[in-house]
Amino acid sequence: VVTKMYEDFCNWGYMTVGVTAFLPHVLVPIFFPPKCEAKIPWYTRNAIRANIWIGCFGYVGNYFWTHYFFNLLDAKYTFCTTWKLNNIPIALFFLTQAYFCFYHASSNILIRRCVNAVSKPAAKIVVEVLVVLTYTYFLAFMEAFTLADFPYYTIADRRAMYIYGSAFYAIYFIVSFPAFRRLSRFGTALGAARDGLAAAMLVFILLDLWRLTIGAIT
């Protein structure tokens, strides 16, 4: 965004950025696994299952939930690309994997450290709730804020997007961070896909409750 390289992008430009951001998250766990997972099949490794979880969750988010942003928050993509799926630029499906891998990995670290800093079970629950609520809103706000200078993601009311849109977007992670944190180290790839889709369904329900009760913010 800072360099404005996107001004020269079209189909191949956006796709190159998306795939370039996506590939390390998939290839590194396969070819450069940690020592503790080097001798087990690649498809059973924790990072691979985490990618499957996030991939399922992020696919639903792009394909379905983005339309809530279009209809409730009056946001629009005007990218110079014709490569779309359900009117969503395909490059964004790949970029989402990179973004969400960072978000969920960092949330795991943050929640674990904060929860482990207290000893009482009740206090651990309270701390986890507070950390999740705070971090989800922070990430949602910062993503909206950092895209402010990108002219091909148009927002009708930027102030409303920062305040209310961030709360709407935070719903994704209020569900997904605790669910992802409980991804079993000894689960299967199929189990990871199932759990990611289950979390996505819960988000779907909450977003639609927003649509029915609060409605559009603009």
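This is a predicted model: local features need pLDDT of at least 70, side-chain atom pairs count only at pLDDT 80 or more; totals for chains, interfaces and linings use all residues.

Student: Why are H1 and H2 called roughly antiparallel?

Tutor: Helices are DSSP runs of H or I with at least four residues, numbered from the N terminus. Helix H1 (residues 11-31) packs against helix H2 (residues 46-72) at about 155°, and their axes are 9 Å apart. Axes are lines fitted to C-alpha atoms, for helices over the stretch in contact, and angles run from 0 to 180 degrees between N-to-C directions. Angles under 35 degrees count as roughly parallel, over 145 as roughly antiparallel, 65 to 115 as roughly perpendicular and the rest as oblique. H1 and H2 are therefore roughly antiparallel.

Student: Which residues of H1 and H2 meet?

Tutor: Contact means heavy atoms within 4.5 Å. On the H1 side His25, Val26, Pro29 and Ile30 take part, and on the H2 side Ala47, Ile48 and Asn51. The residues of this contact divide into five nonpolar, two polar and no charged. Ala, Val, Leu, Ile, Met, Phe, Trp, Tyr, Cys and Pro count as nonpolar, Asp, Glu, Lys and Arg as charged, and the others, Gly among them, as polar.

Student: How do you know that the span of H2 agrees with its number of residues?

Tutor: The expected span is 1.5 Å times one less than the number of residues. For the 27 residues of H2 this should give 39 Å, and the end C-alpha atoms are 36 Å apart, which agrees.

Student: Where is the kink in H2 centred?

Tutor: The kink, of about 40°, is centred on Asn62. The bend at a residue is the angle between axes fitted to the seven residues ending there and the seven starting there.

Student: What makes H2 and H6 roughly parallel?

Tutor: The axes of H2 and helix H6 (residues 189-213) cross at roughly 20° and come within 7 Å. H2 and H6 are therefore roughly parallel. Their contact divides into 19 nonpolar, one polar and four charged residues.

Student: Why are H4 and H5 called oblique?

Tutor: Helix H4 (residues 121-146) and helix H5 (residues 158-181) pack at about 135°, with axes 7 Å apart. H4 and H5 are therefore oblique to each other. The residues of their contact divide into 19 nonpolar, two polar and four charged.

Notes:
Residues are numbered from 1 along each chain as its sequence is written. Side-chain values use heavy atoms; hydrogens and water are left out. Helices (H or I, at least four residues) and strands (E, at least two) are DSSP runs, numbered from the N terminus.
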